[in-house]
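Please keep the sequence and the structure at hand while reading.

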Amino acid sequence: NIVLRDRKLLSESGLIIVVAAIDRASGELISGPDIVSRGFVYVRENEDLINDAKDLARESLERNLYAGNRDWNGLKGTLRDDLRKFIFERTKRSPIILPIFLEV
């Protein structure tokens, strides 16, 4: 069952939510990305990791937006892959990564 698998993953590895506001017409990153972590790491104890993840998320989004990519699913997939690799290298954990884009 998919729901049970997701709940098991959440309990073991946690969740990272990446929120960014993007002007879809111009492809400009308006604000963010901000990162919210639940059940993954304590933000206060891991500020460097979270800040580095924010920087990586910003670079990933800006690189793809600059290249003209306006496909939300494609942007989310690339961002998810980039963050997944980075976080696994640093922590050996694989949290669920949920990108949320606000269209401005």
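## Charged pairs between helices

R63 is partly exposed, with a relative accessible area of 47%, where buried means under 20%, exposed over 50% and partly exposed in between, using a 1.4 Å probe and protein chains only. The model is predicted, so local features need pLDDT of at least 70 and side-chain atom pairs count only at pLDDT 80 or more, while totals for chains, interfaces and linings use all residues. Residues are numbered from 1 along each chain as its sequence is written, and side-chain values use heavy atoms, with hydrogens and water left out.

R63 forms a salt bridge (a side-chain nitrogen of Lys or Arg within 4 Å of a carboxyl oxygen of Asp or Glu) with D82, the closest N and O atoms being 2.9 Å apart. Because R63 lies in helix α2 and D82 in helix α3, this pair ties together parts that are 19 residues apart in sequence; helices here are DSSP runs of H or I with at least four residues, numbered from the N terminus. D82 itself is buried, at 19% relative accessible area.

D52 and R90 also form a salt bridge, with their closest N and O atoms 2.9 Å apart. D52 belongs to helix α2 (residues 47-66) and R90 to helix α3 (residues 72-91), so parts 38 residues apart in sequence are tied together.

A search of the whole structure finds four salt bridges, and one of them joins R84 and D81 at 3.6 Å, N to O. Both residues lie in helix α3, three residues apart, which is about one turn of the helix. R84 is partly exposed at 35%, and D81 is likewise partly exposed at 42%.

Notes. Helices (H or I, at least four residues) and strands (E, at least two) are DSSP runs, numbered from the N terminus.
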